[in-house]
Amino acid sequence: MYHRAHRFPQSAAPQRAPGRSPSETTLFSGVYGLVLASALAAALDSPGEVSDPGSDALWVLLTALASAAAHGYAHVIAHRMSADRGGAGVGLRAMLAEWPVVAAAVPTVVLLLTAVPSWWAEAEAVNTALVLNTLLLAGWGVRTARSVGRGWAASLRAGTVDMLIGLVIIVANALIK
């Protein structure tokens, strides 16, 4: 990317935020994907409507894919504001680098799909997904903090804050319905 302080333009390849390790970036995207999947599953499961967990699972997956692609594409557009052109390969790599957003949505999709053959009600699958995603948020928060060298106390605080996001979704789901 060109910056007037530099004599030569830099590469248009997407770069991670300064100070962020690849594992931290992966975990960051995973947390984003979990929150996205939880909020969408809660929103799609409405009382009084005909239950369609297969359709809801498809919407969660498609939304995760679209979000990952949009986030990757936004990185490409931001880097293409310079005179340097990176080509289609750079754009595709940037979008594929967002795979953790999609991977984080998979548990929710799987739980919704288990409700398709009537093994349990869609509402139970959604509630289970919300609890599982909240626990995963806590675990990923701790893991992210530990991966950047934080101590156990700070890591547990980070996990608790991430878990609170999941709890907010659970409470909102209960209050809205």
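Helices (H or I, at least four residues) and strands (E, at least two) in these legends are DSSP runs, numbered from the N terminus. This is a predicted model, in which local features need pLDDT of at least 70 and side-chain atom pairs count only at pLDDT 80 or more, while totals for chains, interfaces and linings use all residues. Residues are numbered from 1 along each chain as its sequence is written, and side-chain values use heavy atoms, with hydrogens and water left out.

Figure 1. Welcome to an overview with 6 helices and 0 strands. Read from the N terminus, the elements run α-α-α-α-α-α. Of the 177 residues in the protein chain, 34% are buried; buried means under 20% relative accessible area, exposed over 50%, and partly exposed in between (1.4 Å probe, protein chains only). The accessible surface comes to about 10200 Å², and carbon and sulfur atoms hold 68% of that surface. These areas come from the Shrake-Rupley method with a 1.4 Å probe, and for residues only the protein chains shown count as cover. Contact here means heavy atoms within 4.5 Å. Among the contacts with a separation of 6 or more, 68% join residues 24 or more positions apart.

**Figure 2. S38 and V31, two residues of helix α1.** Helix α1 covers residues 22–44 and includes V31; S38 lies in helix α1 too. Is S38 buried or exposed? S38 is buried, because its relative accessible area is 3%. Setting aside residues up to four places away in sequence, S38 touches L130, N133 and I169. V31 has a relative accessible area of 14%, so V31 is buried. With the sequence neighbours up to four places away again not counted, V31 touches L137, W140 and D162. Look for P100 as well: 69 residues separate V31 from P100 in sequence, yet their C-alpha atoms are 8.6 Å apart in space.

**Figure 3. T134 within helix α5.** T134 has its place in helix α5, which takes in residues 122–147. The relative accessible area of T134 is 5%, and therefore T134 is buried. Which residues does T134 contact beyond its neighbours within four places in sequence? They are M163, G166, L167 and I170.

**Figure 4. Helix α5 from end to end.** G149 follows α5, and its phi is positive, near 90°.

**Figure 5. Helices α4 and α5 packed together.** Two packed helices are described by the angle between their axes and the distance between the axes. Helix α4 (residues 99–113) packs against α5 at an angle of about 160°, and their axes are 9 Å apart. That angle makes α4 roughly antiparallel to α5 (angles over 145 degrees count as roughly antiparallel, under 35 as roughly parallel, 65 to 115 as roughly perpendicular and the rest as oblique). On the α4 side, the contact is made by A104, P107, T108, L111 and L112. Residues of α5 in the contact include E122, A125, V126, T128, A129 and W140. The axes are lines fitted to C-alpha atoms, for helices over the stretch in contact, and angles run from 0 to 180 degrees between N-to-C directions.

**Figure 6. V106 on helix α4.** V106 has its place in helix α4. With a relative accessible area of 40%, V106 is partly exposed. V106 and A57 are 49 residues apart in sequence, and 9.2 Å apart in space from C-alpha to C-alpha.
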